[in-house]
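Welcome to the tour! Please open the structure in your viewer and keep the selection tool handy.

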Amino acid sequence: MTLLKLDQRIRRDLEDLYKGGILTFIQNFKNCKITEAEQLSMDLFGTPNELSIHGLPGYYTGKRDAATVMVMLNPGSDVMSQNNPFVTEKTLNRILKELGKTNISSSADFVKIIKRGSDRYGNIDKDRLDNFDIKQAAFLKAWENSGVDIPNNFPDMIPRPSKKGKEERDKLLREVKQNVLMQKLQLELIPYASRKFKTINPNNYKHLFPYVETLFQEIFSKNARM
């Protein structure tokens, strides 16, 4: 193994990045953005960086014609991580695997695949336990005709932490979580991710109204899938 001086190592590594197109990659990434997300971030917060403008938006998950609809503020993911192209790649690969596809052939295909991934997110994320979704199941169990299948012994089995029953308990919790994700519709008021949602000046609320109108149209229109 050849001994490299510090300057040699610096030059070798940085030349790899430069020759590989790091500056072009950065510029292309900056140009690859959702214009509406950037404008909304400016309108609400006065900066283009409060919402994810480079990552995949999250419009909804679940069943579009479900009996139960829940509306959330926006996907609660960190902007920096959501803007990471490798996070987007990982998400796309999971969706493609669920759909049995290997590539994306056009912009129309891209739109279709993302929407189908939103429909089937409960399958894609079925192995991960999530307290938020489990709490939703506990809330919905008290509502008749919610359209979500919740086992009779839920949530009574949750306080039993014995090792012997943990595997069976976790299996049931995953089933509950999957049903919540697949059998209800969850809409996001704003589809662009942010972990922290800063206080909005009341004068800027008007910029949210078009998004509210979109939600009302989706919830009440029989032709929402068109």
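How do the residues of the lining of the second largest pocket divide into nonpolar, polar and charged? There are 13 nonpolar residues, five polar ones and two charged ones. Keep in mind as we go that this is a predicted model.

**Stop 1: the second largest pocket**

Select I34, G55, L56, P57 and F110. Among the 20 residues that line the second largest pocket, these five lie nearest its centre. Helix α6 gives the most, with five residues. The space in the second largest pocket comes to about 530 Å³. How is such empty space found? Rolling a probe the size of a water molecule over the atoms shows where it is left.

**Stop 2**

Is T88 buried or exposed? T88 has a relative accessible area of 16%, and buried means under 20%, so T88 counts as buried. Show its contacts too: leaving aside residues up to four places away in sequence, T88 touches G55, L56 and Q82.

Try the distance tool between the C-alpha atoms of V87 and G55: they are 8.2 Å apart in space, although 32 residues separate the two in sequence.

**Stop 3: the largest pocket**

What is the volume of the largest pocket? It is about 1,000 Å³. Select G58, T61, P75, S77 and Y121, the closest to its centre of the 33 residues that line it. Then colour the elements that give two or more residues to this lining: β1 (60-62), α4 (79-83), α5 (85-99), α6 (107-119), α7 (121-124), α8 (131-141) and β3 (185-188). Which of them gives the most? That is α5, with five residues. Colour the lining of the largest pocket by class and you will find 14 nonpolar, 11 polar and eight charged residues.

**Stop 4: the sheet**

Switch to a cartoon view and pick out the strands. Three of them form an open sheet in the order β1-β3-β2, with mixed pairing. The edge strands, β1 and β2 (69-72), each pair on one side only. From one strand to the next, the twist averages 15°.

Look at the two pairings in turn:

- β1 and β3 run antiparallel to each other and pair over three bridges. Here Y60 stands opposite L187 in β3, and T61 stands opposite Q186 in β3.
- β2 and β3 pair in the parallel sense, over four bridges. Select V69 to see it opposite L185 in β3.

Now show the side chains of β3. Which residues point one way, and which the other way? L185 and L187 point one way, while Q186 and E188 point the other way, and all are buried.

**Stop 5**

Our last stop has two backbone details, so here is some background. Most residues other than glycine have a negative phi, and most peptide bonds are trans.

Select N145, in the loop between α8 and α9. What is its phi near? It is near 60°, a positive value in a residue other than glycine. Is N145 buried or exposed? Its relative accessible area is 72%, and the cut-off for exposed is over 50%, so N145 is exposed.

Move along to P155, which has its place in the loop between α8 and α9 (163-183). Zoom in on the bond that joins F154 and P155: it is a cis peptide bond, with omega at about 5°.

Note on methods. Residues numbered from 1 in each chain as written. Predicted model: local features only at pLDDT ≥ 70, side-chain atom pairs only at ≥ 80, totals over all residues. Heavy atoms only, no water. 1 Å grid on protein atoms, 1.4 Å probe; cavity = no way out; pocket = protein on both sides within 12 Å on 5 of 7 lines; lining within 4 Å. Points joined across faces, edges and corners; volume = space filled by probe spheres on them. Nonpolar A, V, L, I, M, F, W, Y, C, P; charged D, E, K, R; others polar. Pairing = 2+ DSSP bridges. Axes fitted to C-alpha atoms, helices over the stretch in contact; angles between N-to-C directions. Buried < 20%, exposed > 50% of the residue type's maximum accessible area, 1.4 Å probe, protein only. Contact = heavy atoms within 4.5 Å.
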